[in-house]
Amino acid sequence: MPPIAKNNNGPFSIPTIFLFFTLIFILFLSFFFFPFTSSTTKIISNPSLFLQTSTSSAINVYVSDLPRSLNYGLLNRYWSFNADSRVGSDSDREIRSTNLGKTLEFPPYPENPIIKQYSAEYWIMGDLMTPPELRTGSFAKRVFDARDADVVFVPFFATISAELQLGVAKGVFRKKVGNEDYQRQREVIDFVKKTKAWNRSGGRDHVFVLTDPVAMWHVKDEIAPAILLVVDFGGWYRLDSKSSNCSSSDMIQHTQVSVIKDVIVPYTHLLPKLHLSENKERRNLLYFKGAKHRHRGGLVREKLWDLLTNEPGVIMEEGFPNATGREQSIQGMRTSEFCLHPAGDTPTSCRLFDAIQSLCIPVIVSDNIELPFEGLVDYTEFSVFVAVGDALKPSWLVNHLQRFSKQQKDVFRQNMAQVQPMFVYDNGHPGGIGPIPLDGAVNHIWKKVHEKLPMIKEAIIREKRKPPGVLVPRRCQCT
């Protein structure tokens with residue numbers, strides 16, 4: 001047999017094949033070492049702080065058509081009062097003197113610290129009321145047909161409604177007769193329950209902002225299936241049985257709140273932001289300002305106070321960061337390495353977010369605390385968590401904090417500076433009407449609501465297939 005002739009010019013010659021595999025290898029290395037990144041990718045110095053980001057660009061939100069008297073009209077009424085009988089402020093007195101708050105379509109929110117700390121309802125609504133051409137950075141896309149919506153936002157200013165009643169006639173707040181706040185709550189519930197949107201989902205895809213612990217207090221049972229935006233779960237749990245450990249198979253618990261469907265949102269901070277470049281020497285070890293005597297879980301605070309009050313480097317001050325104590329609070333937080341955050345009447349308070357804005361490392365002594373945006377951010381990168389049992393040992397807490405090196409504390413503050421914007425609501429525009437910060441609290445709240453959608457949609461579908469008259473109790477949702 002004659003030898004086969006070599007053809008070096010064929011399409012599959014050895015040099016061609018070698019070149020082909022060489023190019024494939026180079027392309028593989030380029031993908032491995034230089035992955036493509038989106039032009040919107042945010043470079044973070046500590047990527048472990050930000051645990052995940054949403055893959056969606058928006059959540060579709062329909063705004064329930066409540067009467068204006070249940071949102072901005074309540075603010076007009078608030079400003080019509082001659083004075084605030086609770087904790088007023090110089091800024092509020094100036095607004096009342098101009099009469100603008102009574103007449104503006106989008107009135108300002110009170111600076112009264114008791115009310116301002118719960119202002120999430122105002123900033124979320126302000127974003128949704130902003131003209132579409134200015135909302136290009138908003139994660140929530142407003143739609144005008146409920147059938148196109150992922151969720152239905154109920155624009156009731158529940159905090160202002162409650163505070164109006166507490167300011168006028170606190171004695172009837174827990175009653176229904178003579179309670180205008182209850183009448184407003186009833187009006188909201190009666191309105192939404194008549195809508196097709198509510199009847200399609202049983203309210204499971206409706207969003208209520210209930211940051212004030214007493215907001216919508218009388219109708220909590222009726223809105224329990226909805227998505228609730230709350231600052232914590234303190235005071236919300238109601239058990240159908242005495243069992244509280246979910247260990248008994250024949251005991252069923254009813255819970256009005258759950259990390260599966262609800263969203264923990266930040267308080268509005270009351271102290272101004274301190275930039276990392278402005279940080280100065282901190283001469284005190286630990287700072288706390290607040291009321292010594294609390295109820296329920298806050299009883300730990302009184303014990304901590306007695307343990308810490310005479311410790312070197314520790315400052316414990318009674319009071320609230322209102323008009324008279326604001327500068328004192330700013331000074332205390334900015335000159336202390338750590339800021340104490342014990343539970344009060346509920347597991348959280350606005351001082352945690354004041355500490356973050358002041359770059360004062362939070363020391364969280366609250367075993368049952370729920371924190372906003374967990375899953376989006378890792379609090380252990382800038383906070384110290386201490387078990388109540390350890391904190392109540394004499395000198396334990398001070399000794400523990402003294403062990404942190406300067407380098408560790410500097411890293412905590414650097415990490416804190418990165419997450420400061422996440423806890424800011426204010427968009428800097430009158431009435432809250434205008435573009436919101438892309439990395440601010442409002443957008444992060446909607447991202448967390450978006451994470452809940454698959455479970456909420458599943459619950460709606462499961463409900464639809466139940467035969468008429470069949471009741472399935474809500475079972476304990478352990479965490």
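Is lysine 292 buried or exposed? Lysine 292 is buried, with a relative accessible area of 17%; buried here means under 20%, exposed over 50%, and partly exposed in between (1.4 Å probe, protein chains only). Keep in mind that this is a predicted model, where local features need pLDDT of at least 70, side-chain atom pairs count only at pLDDT 80 or more, and totals for chains, interfaces and linings use all residues. Residues are numbered from 1 along each chain as its sequence is written, and side-chain values use heavy atoms, with hydrogens and water left out.

**The overall picture**

- The protein has 17 helices and 11 strands, taken as DSSP runs numbered from the N terminus (helices: H or I, at least four residues; strands: E, at least two).
- Of its 479 residues, 50% count as buried.
- Look at contacts (heavy atoms within 4.5 Å) between residues at least 6 apart in sequence, and 71% of them join residues at least 24 apart.

**Salt bridges**

- A search of the whole structure turns up 18 salt bridges, each being a side-chain nitrogen of Lys or Arg within 4 Å of a carboxyl oxygen of Asp or Glu.
- As background, side chains of opposite charge can pair when their charged atoms come close.
- Back to lysine 292: its salt-bridge partner is aspartate 306, and the closest N and O atoms are 3.1 Å apart. Aspartate 306 sits in helix H11 (residues 299-308) and lysine 292 in the loop between strand E7 (284-290) and H11, so the pair ties together parts that are 14 residues apart in sequence.
- Salt bridges with shared partners also link Arg186, Asp190, Lys193 and Glu222 into one network.
- Within that group, aspartate 190 and arginine 186 pair with their closest N and O atoms 3.3 Å apart. Both residues lie in helix H8 (residues 180-193), four residues apart, or about one turn of the helix.
- Aspartate 190 is partly exposed at 35% relative accessible area, and arginine 186 is partly exposed at 22%.
- Aspartate 127 and arginine 135 form another salt bridge, with the closest N and O atoms 3.0 Å apart. Aspartate 127 is buried at 0% relative accessibility, and arginine 135 is buried too, at 9%.

**Around asparagine 71**

- Asparagine 71 is in the loop between strand E1 (59-63) and helix H2 (72-80), and at 4% relative accessibility it counts as buried.
- Leaving aside residues up to four places away in sequence, asparagine 71 touches Leu66, Met125, Pro155 and Phe157.
- The asparagine 71 side chain reaches the backbone oxygen of proline 155 at 2.9 Å.
- Asparagine 71 and phenylalanine 156 are 85 residues apart in sequence, yet 5.3 Å apart in space, C-alpha to C-alpha.

- Val259, Ile260 and Met455 make a nonpolar surface patch of about 220 Å². Patches are built from residues with over 30% relative accessible area and no salt bridge, joining like charges within 9 Å and nonpolar side chains (Val, Leu, Ile, Met, Phe, Trp, Tyr) within 5 Å.
- Valine 259 is found in the loop between strand E5 (227-230) and strand E6 (263-264), and its 32% relative accessibility makes it partly exposed.

Terms used
Accessible areas come from the Shrake-Rupley method with a 1.4 Å probe; for residues, only the protein chains shown count as cover. A polar contact is a pair of N or O atoms within 3.5 Å; within protein, one must be able to donate a hydrogen and the other to accept it, and residues adjacent in sequence count only if both atoms are side-chain atoms.
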